[in-house]
Amino acid sequence: WLIDEVARTPSNARDNARIKAYHADFVTLLERFEAHLTAHGGPFLLGSRFSLADIAFGCELNRGLMCSMVANRQGIVGIRDGALPALLGPNGAHDGFEGSYYGGLLERAPFRLAVWANEAA
């Protein structure tokens, strides 16, 4: 729902209360993946092996993060730096997601070209 409200709704028609609620749900979901990565050591969802699970989750993570960043730039809501260190790194976007799950995805050229570049455009 976050994606619909931020990416598919014209900015003058967005409902900030909905964005905040949808964003809270998104962060709750990310906290579950954060706990999984922390418990199982990563660097990928299935441990040391990159898998289809990483492709599916990585696409949705990327899309949600793009929307979260838009909402943050507009002063609505954002993910606190350091809140999800395994997923996003200790400083999130401020250091390019260095040392994180998402940073590892961004290091993969196919992910950058097929997923990140399409959403960033």
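## Buried or exposed

Buried means under 20% relative accessible area, exposed means over 50%, and partly exposed is in between (1.4 Å probe, protein chains only). At 9% relative accessibility, Phe 57 counts as buried. This is a predicted model, so local features need pLDDT of at least 70 and side-chain atom pairs pLDDT 80 or more, while totals for chains, interfaces and linings use all residues. Residues are numbered from 1 along each chain as its sequence is written, and side-chain values use heavy atoms, leaving out hydrogens and water.

## Helix H3

Let's look at helix H3, residues 52–73; helices here are DSSP runs (H or I, at least four residues), numbered from the N terminus.

Among the buried residues of H3 are Phe 57, Gly 58, Leu 61 and Leu 65. Their cover includes helix H2 (16–40) and helix H6 (109–120). Leu 52 also sits in H3, but at 65% relative accessibility Leu 52 counts as exposed. After H3 comes Gly 75, with a positive phi near 75°.

## Aromatic pairs

The structure holds 5 aromatic pairs (ring centres of Phe, Tyr or Trp, using the six-membered ring of Trp, within 6.5 Å; planes under 30 degrees apart are stacked, over 60 edge-to-face, the rest tilted). Phe 33 and Phe 57 are stacked, 3.8 Å centre to centre with 20° between the planes. Phe 33 lies in helix H2 and Phe 57 in helix H3, so this pair ties together parts 24 residues apart in sequence.

How values were computed:
Helix = DSSP H or I, 4+ residues; strand = E, 2+ residues; numbered from the N terminus. Expected span 1.5 Å × (residues − 1). Contact = heavy atoms within 4.5 Å.
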